[in-house]
Amino acid sequence: MTQQALIRRLTYKFVETNLLTQALTHRSYSAQNNERLEYLGDGALNFIIANQLYKRFPTLDEGDLSRLRAQLVKEATISEIAISL
(Lines give C-alpha, C1' and ligand atoms only; values in the text may rest on other atoms or scores of the structure.)
Protein backbone atom coordinates (compact mmCIF):
# COMPACT_ATOMS: atom_id res chain seq x y z
CA MET A 1 0.00 0.00 0.00
CA THR A 2 1.36 3.41 -0.89
CA GLN A 3 1.55 6.27 1.54
CA GLN A 4 -1.21 8.12 -0.33
CA ALA A 5 -3.45 5.03 -0.24
CA LEU A 6 -2.84 4.74 3.51
CA ILE A 7 -3.78 8.40 3.99
CA ARG A 8 -7.02 7.89 2.05
CA ARG A 9 -7.81 4.72 4.01
CA LEU A 10 -7.26 6.45 7.35
CA THR A 11 -9.25 9.49 6.18
CA TYR A 12 -6.76 11.71 7.97
CA LYS A 13 -4.81 14.63 6.53
CA PHE A 14 -1.27 14.65 7.89
CA VAL A 15 0.12 18.15 8.32
CA GLU A 16 3.72 16.95 8.47
CA THR A 17 3.98 14.12 5.95
CA ASN A 18 7.67 13.75 6.77
CA LEU A 19 6.60 12.43 10.19
CA LEU A 20 4.38 9.85 8.50
CA THR A 21 7.32 8.75 6.37
CA GLN A 22 9.48 8.51 9.48
CA ALA A 23 6.76 6.57 11.33
CA LEU A 24 6.67 4.00 8.53
CA THR A 25 10.47 3.62 8.30
CA HIS A 26 12.15 0.68 10.04
CA ARG A 27 15.53 1.28 11.66
CA SER A 28 17.18 -1.28 9.35
CA TYR A 29 16.30 0.97 6.41
CA SER A 30 17.35 4.40 7.63
CA ALA A 31 18.82 6.28 10.57
CA GLN A 32 15.74 8.52 10.31
CA ASN A 33 13.38 5.83 11.57
CA ASN A 34 10.32 5.26 13.73
CA GLU A 35 11.98 4.30 17.04
CA ARG A 36 11.55 7.66 18.84
CA LEU A 37 8.03 8.09 17.46
CA GLU A 38 7.20 4.57 18.58
CA TYR A 39 8.35 5.42 22.11
CA LEU A 40 6.13 8.51 22.15
CA GLY A 41 3.20 6.65 20.60
CA ASP A 42 3.44 3.83 23.12
CA GLY A 43 3.20 6.34 25.96
CA ALA A 44 0.26 8.14 24.38
CA LEU A 45 -1.59 4.89 23.64
CA ASN A 46 -1.07 3.64 27.20
CA PHE A 47 -2.43 6.91 28.60
CA ILE A 48 -5.48 6.97 26.32
CA ILE A 49 -6.37 3.34 27.05
CA ALA A 50 -5.77 3.79 30.80
CA ASN A 51 -7.99 6.87 30.85
CA GLN A 52 -10.83 5.10 29.03
CA LEU A 53 -10.62 2.02 31.24
CA TYR A 54 -10.57 4.18 34.37
CA LYS A 55 -13.77 5.93 33.22
CA ARG A 56 -15.57 2.80 31.99
CA PHE A 57 -14.76 0.55 34.94
CA PRO A 58 -14.94 2.69 38.09
CA THR A 59 -15.11 -0.31 40.43
CA LEU A 60 -12.00 -2.15 39.15
CA ASP A 61 -8.84 -1.80 41.20
CA GLU A 62 -5.56 -0.64 39.67
CA GLY A 63 -4.21 -4.18 39.31
CA ASP A 64 -7.19 -5.28 37.23
CA LEU A 65 -7.06 -2.06 35.22
CA SER A 66 -3.35 -2.60 34.54
CA ARG A 67 -3.90 -6.17 33.36
CA LEU A 68 -6.77 -5.11 31.10
CA ARG A 69 -4.70 -2.24 29.64
CA ALA A 70 -1.76 -4.59 29.02
CA GLN A 71 -4.06 -6.97 27.16
CA LEU A 72 -5.37 -4.17 24.95
CA VAL A 73 -2.03 -2.58 24.06
CA LYS A 74 -0.02 -5.76 23.49
CA GLU A 75 1.52 -6.34 20.09
CA ALA A 76 -0.93 -9.04 18.98
CA THR A 77 -3.97 -6.87 19.67
CA ILE A 78 -2.49 -3.79 18.00
CA SER A 79 -1.40 -5.95 15.05
CA GLU A 80 -4.94 -7.25 14.56
CA ILE A 81 -6.26 -3.68 14.50
CA ALA A 82 -3.56 -2.56 12.03
CA ILE A 83 -4.27 -5.49 9.71
CA SER A 84 -7.99 -4.73 9.77
CA LEU A 85 -7.21 -1.19 8.60
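Rings of Phe, Tyr and Trp (its six-membered ring) count as a pair if their centres lie within 6.5 Å; planes under 30 degrees apart are called stacked, those over 60 edge-to-face and the rest tilted. By that definition, a search of the whole structure finds one aromatic pair. Y12 and F14 form this pair, which is edge-to-face, with 4.8 Å from centre to centre and 75° between the planes.

The structure is a predicted model, in which local features need pLDDT of at least 70 and side-chain atom pairs count only at pLDDT 80 or more, while totals for chains, interfaces and linings use all residues. Residues are numbered from 1 along each chain as its sequence is written, and side-chain values use heavy atoms, with hydrogens and water left out.

**Overall form**

The protein chain has five helices and zero strands (DSSP runs, H or I of at least four residues for helices and E of at least two for strands, numbered from the N terminus). The radius of gyration of the protein chain is 16 Å, well over the 12 Å that the globule rule gives for 85 residues, so the chain is more spread out than a compact globule. That radius is taken over C-alpha atoms, and the rule is 2.2 Å times the number of residues to the power 0.38. Along the principal axes, the C-alpha atoms fill a box of roughly 45 × 25 × 25 Å.

Of the 85 residues, 11% count as buried. Buried means under 20% relative accessible area, exposed over 50%, and partly exposed in between (1.4 Å probe, protein chains only).

**Charged pairs**

Side chains of opposite charge can pair when their charged atoms come close. The search of the whole structure finds two salt bridges, each defined as a side-chain nitrogen of Lys or Arg within 4 Å of a carboxyl oxygen of Asp or Glu. In one, R27 pairs with E35, and the closest N and O atoms are 3.9 Å apart. In the other, R67 pairs with D64 at 2.8 Å between the closest N and O atoms. Both R67 and D64 lie in helix α4 (residues 62-73), three residues apart, about one turn of the helix.

**Accessibility of the paired residues**

The table gives the relative accessibility of the residues in these pairs.

| Residue | Relative accessibility | Class |
|---|---|---|
| Y12 | 49% | partly exposed |
| F14 | 23% | partly exposed |
| R27 | 55% | exposed |
| E35 | 33% | partly exposed |
| R67 | 55% | exposed |
| D64 | 32% | partly exposed |
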